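Please open the model in your viewer, keep the sequence panel beside it, and follow the selections below in order.

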Amino acid sequence: MNKTIKLDYLARVEGEGGLTVRLKGDEVVDARLNIFEPPRFFEAFLRGRRFSEAPDITARICGICPIAYMMSSIQAMETGFGYHVDGMLRELRRLIYFGEWIESHALHIYMLHAPDFLGYQDVIKLAGDFPEIVERGLKLKKLGNDIMTLIGGREIHPINIRVGGFYRVPTKNELNSLSDRIKWAREAALETVRWVATMEFPDFEQDYEFVALRHPEEYAVIEGDLASNKGLSFPISAFEEYIREDHVKHSTSLQASVRGRGAYCVGPMARININFEKLSALAREAASEVKFGPGCLNPFKSIIARAIEVVHACDESLRIIEGYQMPEMPSIDLTPRTATCYGCTEAPRGICWHRYRVDEDGTILDARIVPPTSQNQRAIEDDLLHFVRKNMALPEDRLAWLCEQVVRNYDPCISCSCHYLKLKFERDLDGDI
Amino acid sequence: MATKKRPKLAVWKFASCDGCQLSLLDCEDELLAVAREIEVAYFPEGFREVIKGPYDISLVEGSITTAHDAERIHKVRRMSKTVIAIGACATSGGIQALRNFKDVKEFARYVYPRPEYISTLSKSTPLSDHINVDYELRGCPISKVQLIETVSAFLNSRKPNVPSHSVCMECKRKGNICVMVAKGIPCLGPVTHAGCDALCPTYNRGCYACFGPKESPNTGSLSRWLGERSGMKDKDIMRSFRGINAYAEPFRKESEAHE
């Protein structure tokens, strides 16, 4: 007897997608993240463009995390040409990046992920029972957007970010105007940590290899070397030596893995596992209050990791604003040169890696971009396989709900890499059930 | 809960970055109020539950780039009383329409190790090439204010108050000093549809036309200015028009004239 249970759409992820879990009798034989995103060929049409166009073009890969793409391409060009933008311009870059983290994490925690834990179809229904909580989430999210808008001009595809710096830098007063609201947000983020920690987490752990940027002084966001909890440590220029990408038939997004080892995981869980001691004191306190920290291998608890990162982002944003002095020039002048340029920054969902080859006029000859979700794809499939294996006894609709949650643990930004997935169970029932 | 029947809204995605539909979730102050007036019947980015069509309003993000999507958009049309195309992808083919000037097979070979797994059309096209569209909202991304205005206009059977003049008008109204005249910064504002409130010039930057061409733009005249005043070479002028709205006809023609 064959039986197929099909859930057509994986909702509440950015982009659309689905999964196939194939069962034979009581054995889970296969778990796949099916990706049919119509390819958009960014790397192909970047060839022939000016280096200075890369940030605005690559921003369009993802409307949820445009800053990540802009910053990775900018870092690539600047370091490739032999420049390092420092001081207040660097601080402003970190600030706008934290704006994106706050917005994206609040969106995922409150609107996409929390309804899973609490048994609601969506945030509007959640708001019906918990209006104050949802309003707090929306207000946090809006603050993240407002940081991006103040510095970047708008929150989606900001226009004020360029190779070399900015077109216009904010005055001290303009930034100060956000201080009170960020102070409120920091408190709201602490409450968020306490709130998400009360949720019920399925008992499930995986032996992950976490990969994140590491920086000697900072909880790495805009630069660093790459490191893993299993001993990897290499400069971003060596990414392709350590990481391979494969093209599988069921996905238009390439799947990344650590050479010779397999799946790895990027994003908030990876960052907290690798860089915990670099979080702000308040964020570390918040983590210890809810007994969360490095060593956590339960992917469902990524919602706590995100909340702790919001505390850190608010804390650091306030520190940046307090120390801000308006720079004399909004950007540095750059002269391009023939170079292979590498960039890698921490998008809300994990490392976003870029490589460009540029000629002496500054024309892009070659481009390669590895978004975070394509790096998590294999880990998502592994989680799914093991989770279903462990929870076969659950009623099918409950299992399906939890499988969706397994995917949402990664806050997959499918539009970056993939689109239109289908979640279905294919069960070949042997025997006489 | 309101007792009267609420109009049903659906949000669809084709080839895109998700940014325009995110604009809806970015209406943090309005979202809960909007949800009281409108039934969000289909919006997978934010809502798990699917309420069957037909729908009163469908907001459609993204361009048509696959045979499958070319069929799917007709289904969306059949299920929807009003179809509103949102954003540059849906109204002009978006940045992925840069393939339209090249060989897409070469693109597939370049990006994918196994191009035989990839199925795609040679061109990325706007919705209006495939179906009758009731309204087009421009921008990469769209403006939240215009989105709410447009939805509310359709629900109240009135014309949306969305100006169709150029970005230059917005600069004048804001009192911006013209970046092109005063500083020689190349700016596509004179030929670009309004809607961003002259964002780039306000930030000391030339407009890069993310809202696409305004009605009857004089692109040839602007190109002469870009060449003479800003010292741009033909290939730079070509690249300026060949951006986020490359396949919108006036921009396509102008870029081809400088190829």
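**Before selecting anything**

This is a predicted model, in which local features need pLDDT of at least 70 and side-chain atom pairs count only at pLDDT 80 or more, while totals for chains, interfaces and linings use all residues. Residues are numbered from 1 along each chain as its sequence is written, chains are lettered from A and ligands numbered from 1 in the order in which they are written, and side-chain values use heavy atoms, with hydrogens and water left out.

**Stop 1**

Select Cys65(A) and Cys413(A), which UniProt lists under "binding site" in an unreviewed entry; UniProt positions are given in the numbering used here, feature names are shortened, and annotations may be inferred rather than shown by experiment. These positions are spread over 349 residues of sequence, yet they cluster in space, with a largest C-alpha distance of 8.7 Å.

Cys65(A) is in the loop between helix H2 (54-59) and helix H3 (66-80) of chain A, where helices (H or I, at least four residues) and strands (E, at least two) are DSSP runs numbered from the N terminus. Cys413(A) is likewise in a loop, between helix H14 (396-408) and helix H15 (414-417) of chain A. Are these side chains buried or exposed? Cys65(A) has 0% relative accessibility and so counts as buried, and Cys413(A) is also buried, with a relative accessible area of 0%; buried means under 20% relative accessible area, exposed over 50%, and partly exposed in between (1.4 Å probe, protein chains only).

**Stop 2: where chain A touches chain B**

Now show both chains and select the residues in contact (heavy atoms within 4.5 Å), of which 69 come from chain A and 62 from chain B. The area buried between the chains is about 5,900 Å², with carbon and sulfur atoms giving 61%; buried area is the accessible area (1.4 Å probe) that two parts lose on being put together, summed over both.

How many salt bridges lie between chain A and chain B? The count is nine, a salt bridge being a side-chain nitrogen of Lys or Arg within 4 Å of a carboxyl oxygen of Asp or Glu. To see one of them, select Lys141(A) and Asp26(B), whose closest N and O atoms are 2.4 Å apart.

Among the elements that give two or more residues to the side of chain A that touches chain B are helix H4 (87-118), helix H6 (131-152) and strand S13 (364-370). H6(A) gives the most to this side, with nine residues.

**Stop 3**

Move to helix H8 (residues 179-197) of chain A and select Leu190(A), which at 9% relative accessibility counts as buried. Leaving aside residues up to four places away in sequence, Leu190(A) touches Leu282(A), Ala286(A) and Val311(A).

Next select Glu191(A) and Arg136(A), whose side chains meet in a salt bridge (3.1 Å, N to O). This pair links distant parts of the chain, with Glu191(A) in helix H8 and Arg136(A) in helix H6, 55 residues apart. Glu191(A) is partly exposed, with a relative accessible area of 38%, whereas Arg136(A) counts as buried at 13%.

Then select Arg194(A) and Glu289(A), which form a salt bridge (2.7 Å, N to O). Because Arg194(A) lies in helix H8 and Glu289(A) in helix H11 (residues 281-289), the pair ties together parts that are 95 residues apart in sequence. Arg194(A) is partly exposed, at 38%, and Glu289(A) counts as partly exposed at 45%.

**Stop 4: further salt bridges in chain A**

Select Glu346(A) and Arg271(A), where the side chains meet in a salt bridge (2.8 Å, N to O). Glu346(A) lies in strand S11 (residues 339-347) and Arg271(A) in helix H10 (residues 268-275), so the pair ties together parts 75 residues apart in sequence. Both Glu346(A) and Arg271(A) are buried.

**Stop 5: the annotated domain of chain B**

Last, select residues 17-153 of chain B, which UniProt lists in an unreviewed entry as "domain: NADH:ubiquinone oxidoreductase-like 20kDa subunit". Over these residues the chain is 36% helix and 15% strand, and the end C-alpha atoms are 26 Å apart.
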